[in-house]
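Here's a quick tour of how two chains meet, followed by a stop at a single residue. Have the structure open while you read.

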Amino acid sequence: MAVGPDPIHASEWQVARLYDRVAAARARAVARRRGAMLDLRLDADSRLTDQIRFEVAARLTLLVETIARDVLRQAERVMPEGGPHSEFDPVVQRLHRTDALVDPALAEELVAQVRQGLISRALPIETMAGDAPSLLVRLSEAPDRIVAAAARAVLVAEGHAREAEEPVRLSRRQYDRLVWIAAAALRGGEDPAWDRALAQAAERVLAAQSDADRPGAAAMRLAAAIDARPGELPDLLLESLSDRQLGLFVALLSHALGVEYDMVREIVLEPEGDRLWLALRALDQERATIARIGLSLCEADGRRDVDSFAEALDSIMAIAPEEARRAMASLSLPASFREAIDRLEGAERR
Amino acid sequence: MTSMDSPGESMVARAILDAGDHILSADPPIELLHMRAGGGVSDRLAIAPIARVARLARRLGIAVSRQVVVADDEGDLDLWIQARPETGQIRLSVSGWRDRAAWKPAATPPDHTGMGADFRWEADAALRLTFVSPGAGLRHGFDAQAMLGRPLNALFVFDSGTAPLGDGAPLDGRGARLRPTDAPVRLSAAIRHDGMGGIAGLVGAAYLIDEPVEDDEDLALHPGSAPLTESFTAGLDRALRTPLARIVANADSIAARSDGPIAAEYADYANDIADAGRHLIGLVDNLVELQAIEQPDFRLAATPIDLADVARRAAGLLGVRADAAGVTICRPGMGEGMPAIGDFGRCLQILINLIGNAIRYSPRGEEVVVTVERDGEWALVGVTDRGKGIAPEDQTRIFEKFERVDPSEPGGNGLGLYIARRLARAMGGDLGVESVPGEGATFLFRLRSRS
């Protein structure tokens with residue numbers, strides 16, 4: 001007896017579905033062409049390195065998987081008989097395939113976190129205090145119990161952020177969005193009962209998220225607890241860098257400048273450093289402090305150019321703190337206001 | 001072999017530069033480097049990487065510390081530079097003075113990245129814990145968070161009772177116990193350096209181990225004493241040779257950039273991978289051979305051969321390597337013959353090993369001399385180098401398994417001479433060495449002669 005064709009395989013090529021196949025193939029070709037065009041248009045400056053791309057993709061997958069699993073588990077508690085949900089794995093794949101995960105703010109956050117980690121790990125270590133324990137360990141033993149507890153929390157948070165199995169931290173708004181996307185992907189057609197279960201589950205997952213999980217939250221609490229006096233700030237800034245605690249460096253600057261953590265992180269991570277030098281001048285930092293900070297960041301970040309920094313140092317020092325503060329003033333405005341200004345001015349400049 | 005009169009790693013050499021980078025004063029090691037880099041007495045500092053650090057320190061107005069690699073006559077030196085600006089001058093201190101090691105198995109760093117580790121940890125310069133894998137406590141019965149900031153020995157009790165770093169060496173598989181649970185662990189850690197090469201902390205990994213049973217411990221400590229069975233080496237051969245060959249081939253094609261341009265450092269990594277792979281393939285070859293020749297009834301073919309001819313061929317095969325090393329091989333003349341009884345292929349193998357070693361240990365510009373002579377009933381081949389020689393107490397050791405003439409030397413796996421001697425003896429001959437330290441060494445391979 002002849003063996004018949006594999007029925008599943010045959011159905012993929014049914015005459016009635018050939019049109020769909022052609023259309024799908026065409027869509028793929030268009031997407032590829034568009035991708036290639038976008039890729040070619042990118043200048044070397046804005047192109048991500050393979051390492052950053054890889055780490056961002058890995059973090060995003062882990063994050064989405066964790067959230068989808070949490071939502072599913074909660075939904076099954078709400079509706080023990082279970083819903084018509086599909087297999088768990090296709091849910092994650094589906095989210096990746098559709099553009100549901102394309103979110104500039106999320107991408108920006110993940111890239112910033114990955115960059116911060118890479119630069120942190122590459123910062124040159126200087127044992128300024130000789131054989132004394134490192135900055136965070138010393139702070140965790142400070143007589144001020146608030147400082148000690150906050151320093152300990154930073155040590156713990158740093159440890160969590162370092163282990164690959166920990167999902168990344170997100171702002172409330174980004175987290176909300178991802179939870180609802182995961183819930184939507186777990187739907188199984190029109191099933192009001194299951195939808196209600198998913199909605200409840202998403203709300204439970206959101207309620208369990210606390211503000212303490214925000215990126216940089218622990219470091220910000222420590223910076224607030226220390227509340228460094230102007231005379232203490234230079235040593236703290238330098239020691240946080242030589243201790244490879246870039247998050248704490250950002251938090252200390254953020255607290256001193258009165259500018260949001262995310263904004264300062266952006267300033268610290270950008271390779272030209274223009275806004276960072278201005279910020280440091282606004283805080284009336286001395287030449288040696290700015291030189292040390294610049295040198296450390298140049299050593300840790302291959303995109304920076306130590307020679308042009310050395311070249312510019314005298315001009316940077318010539319800026320009066322008052323002028324620097326004026327130039328930086330817009331940074332302390334609320335984020336939404338700043339974004340609106342950027343959008344308007346960006347459109348006018350084009 | 002050090003490529004210069006190495007001042008030793010702990011030494012700090014100093015120099016002072018004027019505002020134009022001219023040397024005002026310099027300790028001999030820095031002066032020597034300066035001259036080797038083509039600098040004259042009143043010239044600017046000619047050692048480019050150090051001059052760069054000095055200029056940067058002057059422009060920034062702060063002390064700059066950096067690790068640099070300086071090319072020396074025969075190799076590269078790893079140096080820690082600190083340049084400190086002071087009243088228009090630059091004060092340089094240079095430490096490290098390490099020859100940059102070529103790839104060698106002995107230099108394998110401990111697995112501090114924690115591949116397969118049960119948990120990872122880090123400590124600062126004061127040996128206070130700054131990181132412990134967050135999940136570790138739950139899995140192994142201690143409070144990982146409470147350990148942060150505490151001394152390393154709050155978490156680990158070291159077997160020998162001494163603290164790590166006592167000898168300034170990284171931990172590599174050191175035995176210890178978890179203090180909270182008394183569970184035995186092995187610890188690996190790499191030292192983290194600060195800008196001046198000082199110790200800035202440890203990056204480590206911990207591997208939980210089962211309570212050792214006496215016999216197990218013995219076996220683990222002396223892997224060389226484990227018998228090599230035929231099935232084991234056959235398995236080793238199968239399991240390793242094919243994947244290794246693939247790794248080497250792929251690494252070579254990455255290094256050759258055959259799929260398009262890549263950054264030079266990645267090409268270098270690929271070269272390292274290929275070198276390490278080739279080394280392992282050589283080791284597999286030798287282990288498989290070892291299994292065969294260690295059988296008590298191992299014997300080799302006894303056929304008439306011409307040892308002088310074998311020696312000429314071996315020298316010819318190594319001609320390219322000798323050229324690359326700047327060494328000349330003097331081989332027996334074409335007219336010379338030395339009839340002997342043995343196995344042609346194995347004799348060639350022995351002589352390739354001996355001449356290859358001689359090239360490796362010869363200083364550039366020297367000769368390796370291969371001679372044949374007759375000594376009564378023996379046919380002798382001598383391979384003489386002008387290297388640093390072998391101390392009398394080492395002359396027995398180098399023929400043992402996994403021993404090296406110079407363990408600090410790259411290349412080789414410590415099986416070559418052992419196998420060569422076993423082969424010589426299996427043909428009824430022998431292999432020995434005569435050497436005066438400082439004056440080179442002569443390896444003598446003898447076989448029964450044929451009249």
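Let's start with charges: chain B and chain A share four salt bridges. One salt bridge pairs the side chains of A:Glu141 and B:Arg128, with 2.5 Å from N to O. Keep in mind that this is a predicted model.

Polar contacts turn up here too, with eight residue pairs counted between chain B and chain A, both partners at pLDDT 80 or more. On chain B, the elements that give two or more residues to the side touching chain A include helix H2 (48-60), strand E3 (64-71) and strand E11 (199-208). Sorted by class, that side of chain B has 14 nonpolar, eight polar and eight charged residues.

What about the overall contact? On chain B, 30 residues are in contact with 30 residues of chain A. The two chains bury about 2500 Å² between them, and 53% of that is on carbon and sulfur atoms. In chain B, the residues that lose the most area to chain A are B:Arg59, B:Leu60 and B:Ile62, together 25% of what that side buries.

Now for the single residue. B:Ser65 sits in strand E3 of chain B. Is B:Ser65 buried or exposed? With a relative accessible area of 17%, B:Ser65 counts as buried, because the cut-off for buried is under 20%.

| Pair | Kind and distance |
|---|---|
| A:Glu141 and B:Arg128 | salt bridge, 2.5 Å |

How values were computed: Residues numbered from 1 in each chain as written. Chains lettered and ligands numbered in written order. Predicted model: local features only at pLDDT ≥ 70, side-chain atom pairs only at ≥ 80, totals over all residues. Heavy atoms only, no water. Contact = heavy atoms within 4.5 Å. Buried area = accessible area lost by both parts, 1.4 Å probe. Polar contact = N/O pair within 3.5 Å; in protein donor to acceptor, adjacent residues only side chain to side chain. Helix = DSSP H or I, 4+ residues; strand = E, 2+ residues; numbered from the N terminus. Nonpolar A, V, L, I, M, F, W, Y, C, P; charged D, E, K, R; others polar. Buried < 20%, exposed > 50% of the residue type's maximum accessible area, 1.4 Å probe, protein only.
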